[in-house]
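Here are a few notes to read alongside the model. Take them in order, with the structure open next to you.

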Amino acid sequence: MKKLMLLFLVTLGSMVFATDTAFWKPYTSDKFTYGLYHFDSPKIHKKAEGVCISGKKLGRATFGKKGKFGGCLKLDGKGAVRFSCDEIFPGNLVSIEAWVKLKTYPEDKAYIVYRKPVKGKSKGFALWIDSEGAIHISVTDIQGDSSQASTEPGVAPLKKWFHIEALSSHLVNFYSFNVIYLNGKQLVKEPVARGRGLCDDQSKEEIVASKIYIGNDDTLKNGVNGLLDEVRIHRNIQKFW
């Protein structure tokens, strides 16, 4: 039994560190990349990587020339880019990352990434900033049960680039957490109650792949006013730093 446990922990460790988390440079996709969006082309809904690559511009979403690494997604709160996915999002691990440069805080919420949950069909997850500059992550299973983590207000700066990375189901000793990092520094780590989270067992896996919205939600009423670059959604990052 001890040998099996050791083998599991070694395998888990290799999974953790196999994925590139050097956020200070552009990423390349791997087999666990659900979506990777560089926004280096004026065709901002094209040239995505992963399994969510069929994109469409919505509202006032445009190309910006002065991104963190090249081009970027330029938004005024009234647009988004929506991507359809060829595969479901399996398992209970999700990592959402983005470089962000906010012009202003939103009146309510500014979604960086949004995936709508559909009860009985699709899991959901979201990363957003609120009107007071706090950062939030939420995940919802197909039964409609959600968990969330939030930072203190004012941590998201205005008018300069910063990196957000949020994890759900950060597995340590078989416990799960929602975790938020800013520029590589952990700001908050909240435990996920049993039976909550993205997917607490494989019998509750989703059956339909919900669409991914970058820069807003599906109503286009909760958008980012600013710039987004190097947005990544990943399935196999269990610890960032």
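1. A quick definition before we start: a charge sits over a ring if NZ of Lys or CZ of Arg is within 6 Å of the ring centre and within 35 degrees of the ring normal. Keep in mind, too, that this is a predicted model. With that, look at Phe177: the charged end of Lys189 sits over its ring, 4.6 Å from the centre.

2. Lys68 is worth a look as well. Lys68 lies over the face of Trp99, 4.5 Å from the ring centre. Trp99 also belongs to an aromatic cluster, together with Phe23, Trp24 and Phe69.

3. On to ring pairs: how many aromatic pairs are there? The count comes to ten. One of them joins Tyr37 and Phe39, which are stacked, with 6.3 Å centre to centre and 25° between the planes. Tyr37 and Phe39 are both buried.

4. Now the cysteines. The structure holds one disulfide, formed by Cys52 and Cys85 with their sulfur atoms 2.1 Å apart. This pair links distant parts of the chain, 33 residues apart. Cys52 is in the loop between strand 2 (49–50) and strand 3 (54–64), while Cys85 is in the loop between strand 4 (72–84) and strand 5 (94–102). The link of Cys52 and Cys85 is right-handed, with 105° about the S-S bond.

5. Are Cys52 and Cys85 buried or exposed? Both Cys52 and Cys85 are buried. Cys72 counts as buried too, because its relative accessibility is 0%, and buried means under 20%.

Terms used:
Residues are numbered from 1 along each chain as its sequence is written. This is a predicted model: local features need pLDDT of at least 70, side-chain atom pairs count only at pLDDT 80 or more; totals for chains, interfaces and linings use all residues. Side-chain values use heavy atoms; hydrogens and water are left out. Rings of Phe, Tyr and Trp (its six-membered ring) pair if their centres lie within 6.5 Å; planes under 30 degrees apart count as stacked, over 60 as edge-to-face and the rest as tilted. Buried means under 20% relative accessible area, exposed over 50%, partly exposed in between (1.4 Å probe, protein chains only). A disulfide is a pair of cysteine sulfur atoms within 2.5 Å. Helices (H or I, at least four residues) and strands (E, at least two) are DSSP runs, numbered from the N terminus.
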